[in-house]
Amino acid sequence: MALTTLAIAESIHIAAAPETVWRFLADPHSWQHWWPGCRGAETKDRKALREGSLLVLALHLGWMTWKLTVRIEAATANRSLAWVGKSGGVTGRHAFYLDARPNGTFVRQQENLSGPGVLLFRLVRLDAATRGMFKQNLRGLKRAAERESELSASQVSGNRAGARA
């Protein structure tokens, strides 16, 4: 493993359809509600996420808040969201991948970092902070998506019961 590269990944199973999970990923304004370290996220043109969009992020990581602008590399509905950004001598590629399963969605969040700034990133233990943030993000996304899935299911069953009455 080179000292100037770093890969961090975490995953979780969410008991909700990929379409439900995707709605949360595709809406940067929702991120602050399920992503504890997100202090703000908005496309520069204030339009929906799409390949080539510039996304302004404010992320709290460890003891600091970073504001950075990243470029959306992939925004494939119900499948993946990825962006690339540079800050402090580090180039980062961040991604969420969704994989449909019979009982929900498997979600993987990963970051691949490279550049001389990775040495400092490691030295101040931001690698551990990032891993912890990923775990929190995924738990928050799970709570939000499963809650929406449960609400949708109860509304559908309520509508069916009303239709039979």
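**Salt bridges and overall layout**

Arginine 46 is exposed, at a relative accessible area of 60% (exposed is over 50%, buried under 20%, partly exposed in between, with a 1.4 Å probe and protein chains only). The structure is a predicted model, so local features need pLDDT of at least 70 and side-chain atom pairs pLDDT 80 or more, while totals for chains, interfaces and linings use all residues. Residues are numbered from 1 along each chain as its sequence is written, and side-chain values use heavy atoms, with hydrogens and water left out.

Arginine 46 pairs up with glutamate 42 in a salt bridge, N to O at 3.6 Å (that is, a side-chain nitrogen of Lys or Arg within 4 Å of a carboxyl oxygen of Asp or Glu). Glutamate 42 itself is partly exposed, at 28%. Another bridge joins arginine 50 to aspartate 45, with the closest N and O atoms 2.5 Å apart; arginine 50 is partly exposed at 37%, and aspartate 45 likewise at 35%.

Glutamate 73 and arginine 93 also meet in a salt bridge, at 2.4 Å from N to O. This pair ties together distant parts of the chain, 20 residues apart: glutamate 73 sits in strand β4 (residues 64-76) and arginine 93 in strand β6 (residues 90-101). Both partners are partly exposed, glutamate 73 at 39% and arginine 93 at 26%. The count for the protein comes to 8 salt bridges.

Zooming out, the protein has 4 helices and 7 strands (DSSP runs numbered from the N terminus: H or I of at least four residues for helices, E of at least two for strands). Buried residues make up 41% of the 165 in the protein.
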